[in-house]
Amino acid sequence: MIQWIVLYRKEMTEMARNYKILWIPIVFILLGVMQPVSSYYMPEILDNFGGLPEGTILDMPTPTGEEVLMQVISNYGMLGVLILVLSAMGVVSAERQSGVAGMVMIKPVPYSSYILSKWAGLLTITLISLFIGYVASWYYTSLLIETVAFERIFQSVVIYSIWLVFVVTLTLFFSTIMKGNGSVAFVTIFVVFAISTVTSILGKYMTWSPAKMTEHTGQVLLSGELDSSFLLAFITTIAIIIVVLISSIQIFKQKELLE
Amino acid sequence: MNELLNGIPWGAAAPILVLHLILMITALISCIREEKTNGSKWLWILIILIINLIGPVLYFVVGRRND
């Protein structure tokens with residue numbers, strides 16, 4: 001346990017040193033804030049830069065606050081996931097290549113502490129970024145469009161964070177089994193988008209899929225109520241996360257530390 | 001022009017501008033302090049300064065050496 005805390009602290013100092021703790025939350029805030037601002041100014045933007053002929057009357061309904069926040073969530077699902085995966089891709093593979101992992105593992109550190117401290121570090125940065133960014137976007141939505149009840153915000157962000165935790169855990173897994181940052185990022189993003197696409201095509205048969213979390217988030221946001229299939233998706237997601245973590249630890253044990 | 005400037009709700013716009021600035025400045029500091037970046041340092045400084053939001057993010061993701 002003590003080793004785990006030491007390793008976790010090392011992880012956090014490293015994130016502070018390469019500014020991850022600063023830039024990832026800022027990017028999430030900006031991504032979240034952009035959406036309410038641009039939906040608020042959309043009529044004026046079209047007026048000034050749209051190149052529409054004089055006298056065109058555009059009847060654009062202003063979106064409700066919930067709809068704006070759903071768009072924010074879908075932005076996080078694309079760009080946010082991309083940024084998280086790209087920033088986390090080297091978490092184990094780069095350390096193994098530079099020899100840092102070897103230096104850590106020479107000391108009597110359990111393999112599980114090493115991987116779990118990495119995982120906890122990634123979770124910290126992911127959850128902080130998501131919460132801050134989402135709250136900022138909620139604030140701007142209330143300011144510019146309309147107020148959305150805070151309980152819904154809270155519930156939806158908690159549900160959505162499960163999906164992001166799943167994505168980050170997958171990144172950690174691929175970073176353990178593969179060499180090279182680029183291939184880790186590519187495979188993770190490919191798998192994540194494959195899961196989301198297959199789930200959205202075969203939605204009826206895949207109520208257990210982790211990608212359903214995005215849908216449940218939207219539902220909580222719009223209606224404030226959870227679908228009954230949420231529990232199933234929740235359980236499989238948590239189970240997959242645990243299995244992936246355990247297999248990363250097992251694979252990490254068997255790998256050569258210096259390659 | 002003055003009318004246009006007055007039309008902007010600064011209370012809402014100022015935090016966004018400040019965040020953009022913080023992001024740009026941290027990327028610049030990090031880039032200048034780094035001994036070696038992936039690719040030319042001057043090019044990265046230009047990218048960070050010119051391309052809004054995406055420039056600093058690109059630098060942090062691709063430009064920094066990971067070790």
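Predicted model: local features only at pLDDT ≥ 70, side-chain atom pairs only at ≥ 80, totals over all residues.
Let me begin with a definition: two residues are in contact here if their C-beta atoms, placed from the backbone, lie within 7 Å. By that rule, 19 residues of chain A are in contact with 15 residues of chain B. Residues are numbered from 1 along each chain as its sequence is written, and chains are lettered from A, with ligands numbered from 1, in the order in which they are written.

Staying with the contact between the chains, the elements that give two or more residues to the side of chain A that touches chain B are helix 2 (20–49), helix 3 (65–88), helix 4 (93–98) and helix 6 (111–144) of chain A; helices here are DSSP runs of H or I with at least four residues, strands are runs of E with at least two, and both are numbered from the N terminus. Helix 2 of chain A gives the most to that side, with seven residues. By class, the side of chain A that touches chain B has 14 nonpolar, five polar and no charged residues, where Ala, Val, Leu, Ile, Met, Phe, Trp, Tyr, Cys and Pro count as nonpolar, Asp, Glu, Lys and Arg as charged, and the others, Gly among them, as polar.

Now to chain B itself, which has four helices and zero strands. Of its 67 residues, 18% count as buried, and a residue is buried if 20 or more other C-beta atoms lie within 10 Å of its own, exposed if 12 or fewer, and partly exposed in between, with C-beta atoms placed from the backbone. UniProt, in an unreviewed entry, places the feature "domain: Cardiolipin synthase N-terminal" at residues 22–64 of chain B; UniProt positions are in the numbering used here, feature names are shortened, and annotations may be inferred rather than shown by experiment. Over residues 22–64 of chain B the chain is 74% helix and 0% strand, and the end C-alpha atoms are 18 Å apart.

B:Gly63 is found in helix 4 of chain B and, with 22 C-beta neighbours inside 10 Å, counts as buried. Not counting residues up to four places away in sequence, B:Gly63 touches B:Cys31, B:Thr37, B:Asn38, B:Gly39, B:Trp44 and B:Leu58. The C-alpha atoms of B:Gly63 and B:Cys31, which are 32 residues apart along the chain, are separated by 8.3 Å. B:Leu53, in the loop between helix 3 (41–50) and helix 4 (54–63) of chain B, has a positive phi near 65 degrees although this residue is not a glycine.

What about helix 8 of chain A? Its buried residues are A:Asn181, A:Val184, A:Ala185, A:Thr188, A:Val192 and A:Thr199. They cover an arc of only 100 degrees around the axis, which puts them on the same side of helix 8 of chain A; the arc is that of the directions from the helix axis to the C-beta atoms. The face turned away from that buried side carries the exposed residues A:Gly182, A:Phe190, A:Ala194, A:Thr197 and A:Ile201. What covers the buried residues of helix 8 includes helix 3, helix 4, helix 7 and helix 9 of chain A.

Finally, the core: the largest nonpolar core has 69 residues, and those with the most contacts inside it are A:Val27, A:Leu84, A:Val85, A:Leu164, A:Val167 and A:Val168. Such a core is a set of buried Ala, Val, Leu, Ile, Met, Phe, Trp, Tyr and Cys residues joined through C-beta atoms within 7 Å. The largest share of this core, 14 residues, comes from helix 7 of chain A. Leaving aside its neighbours within four places in sequence, A:Val167 is in contact with A:Val81, A:Leu84, A:Val85 and A:Val192.
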